[in-house]
Amino acid sequence: MTWAGRLFNVRETFPRMLLLDLSGLAYLLVTCQTDNPPTGPQWVLAVLAFAAGLLLHRRRVWSLAAQTALFAVAMATVADTTINKVGTAWALGELAFWAPRYAYVWAGTAAVAVVYLALEVPASPDGVFEEVVGLATGLGLPVLIGTVGRTTRELGVQAARRAEEEQRRRESEHRAARSDERSAIARELHDVVAHHVASMVLRVGVAQHVLPGLDPRVAEVFDDVHRTGTAALADLRRLVAVLRDPDGVRGDASLTAIDPSALPAALDGAVETARRAGVIVEAEIDPAVGSLDAVRGLAVLRLTQEALTNVAKHAGTSARARLRVAVDGSDVDWEVADDGGLTAARPAGVPPGGGHGLIGMRERVEVLGGVLTAGPSGTGWRVGTMLPGESA
């Protein structure tokens, strides 16, 4: 923040007070030296005013009280009260700039006015008007400046809030527009692409039945086309589910993928991460996981990471966990079980830690056509699922 900005920030009272003190010091060292050099009591009162302003710059009420008291002493003892008069006016302006309620401002103004009128009694009735005008100017101007500063600050805060609300409204409209667009794309995919692909798969299946005795090479081509079309339909269904409700599937269940050949190494990495955290993990990973499709491969990896993290978090680092990933035909059987570690006495039916992460895991499994099961198993906890493959 620049110095100009700090001078008009309600929290930055120190720079303003420092500038005021330097101005008062320049007044005593330069201006007063030409006419009436400051006396010893005047220096003492000025230094006390400078110190009180700096030490009490964040305590506006106490600062005004101290400056008013020094101003009263100055009016009673010295001829030139400019330093203490300006210090009192400045403290009153700071109070008006900060005050959460106008009662603070009225009380402070009244206190200064009483002190001034009690010690500055006019010598003749003709001087009353001048004293009143001078008092009104000396008190009204700092109060006015402080009030304007506070009002400007409040308007700035309100404008910032309105800008934030407008930004949130625009983001909400953008999200609604994107949601509508996703729904439209999903309908198009379902009504056009999926329909034609399904028709192609159906016709290939019919051709296989009505054309017996085909050349083996032609039959192999038909089989390949049928499998490819069926896989494409499965991927389209998953993509349509994500487009219609991306939040319901945590966004990346079907839109991001992992190279199937890298899945075994990634699972080993998740196991090693859990072991480094102190969990004893026994892993049974079928080498055939390297042949899974990218979508289910990513789901198996994310489920493993989440489950092992929950074991370390809720069962404790002394727990023993068992990971099993088996490929049965085109289906994937996955489970993670632990022995409960230090929390073996928890009540049955209550997942460790209240079941954190289970909702996201369940949604990830359901979008792939599986069902996640989770519950107590002996003294520990077990979570598992079967991710179905593509139907032939």
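The legends below accompany close-up views of one predicted model.

Residues are numbered from 1 along each chain as its sequence is written, and side-chain values use heavy atoms, with hydrogens and water left out. Because the model is predicted, local features need pLDDT of at least 70 and side-chain atom pairs count only at pLDDT 80 or more, whereas totals for chains, interfaces and linings use all residues.

**View 1. The chain as a whole.** The chain has 11 helices and 5 strands, where helices (H or I, at least four residues) and strands (E, at least two) are DSSP runs numbered from the N terminus. Of its 392 residues, 36% count as buried; buried means under 20% relative accessible area, exposed over 50%, and partly exposed in between, with a 1.4 Å probe and protein chains only. Among contacts (heavy atoms within 4.5 Å) between residues at least 6 apart in sequence, 67% join residues at least 24 apart.

**View 2. The largest nonpolar core around Trp334.** A nonpolar core is a set of buried Ala, Val, Leu, Ile, Met, Phe, Trp, Tyr and Cys residues joined through side-chain atoms within 4.5 Å. The largest one has 33 residues, of which Val300, Trp334, Val336, Met361 and Val383 touch the most other members. At least two residues of this core come from each of α9 (263–276), α10 (294–315), β2 (320–328), β3 (331–338), α11 (358–367) and β5 (380–387), and the largest share, 9 residues, is that of α10. Leaving aside neighbours within four places in sequence, the contacts of Trp334 include Val300, Leu303, Thr304 and Ala307, as well as Leu323, Met361 and Val383.

**View 3. Helix α9 and its buried face.** With 14 residues, α9 reaches 20 Å from its first C-alpha to its last, close to the 20 Å expected at 1.5 Å a residue, the expected span being 1.5 Å times one less than the number of residues. Leu263, Leu267, Ala270, Val271 and Ala274 are the buried residues of α9. Seen down the helix axis, these buried residues of α9 fall within an arc of 95°, so they line one face of the helix; the arc is that of the directions from the helix axis to the C-beta atoms. What covers them includes β1 (280–285), α10 and β2, while the face turned away from the buried side carries the exposed residues Ala265 and Arg276. After α9 comes Gly278, whose phi is positive, near 110°.

**View 4. Ala337 in strand β3.** Ala337 has its place in strand β3 and is buried, with a relative accessible area of 11%. Not counting residues up to four places away in sequence, Ala337 touches Arg320, Ala321, Arg322, Trp381 and Arg382. Of these, Arg320 is 17 residues from Ala337 in sequence and 8.4 Å from it in space, C-alpha to C-alpha.

View 5. Beyond residues up to four places away in sequence, Leu139 touches Leu92, Thr109, Val112 and Ala113. Gly108 and Leu139, which are 31 residues apart in sequence, lie 9.9 Å apart in space, C-alpha to C-alpha.
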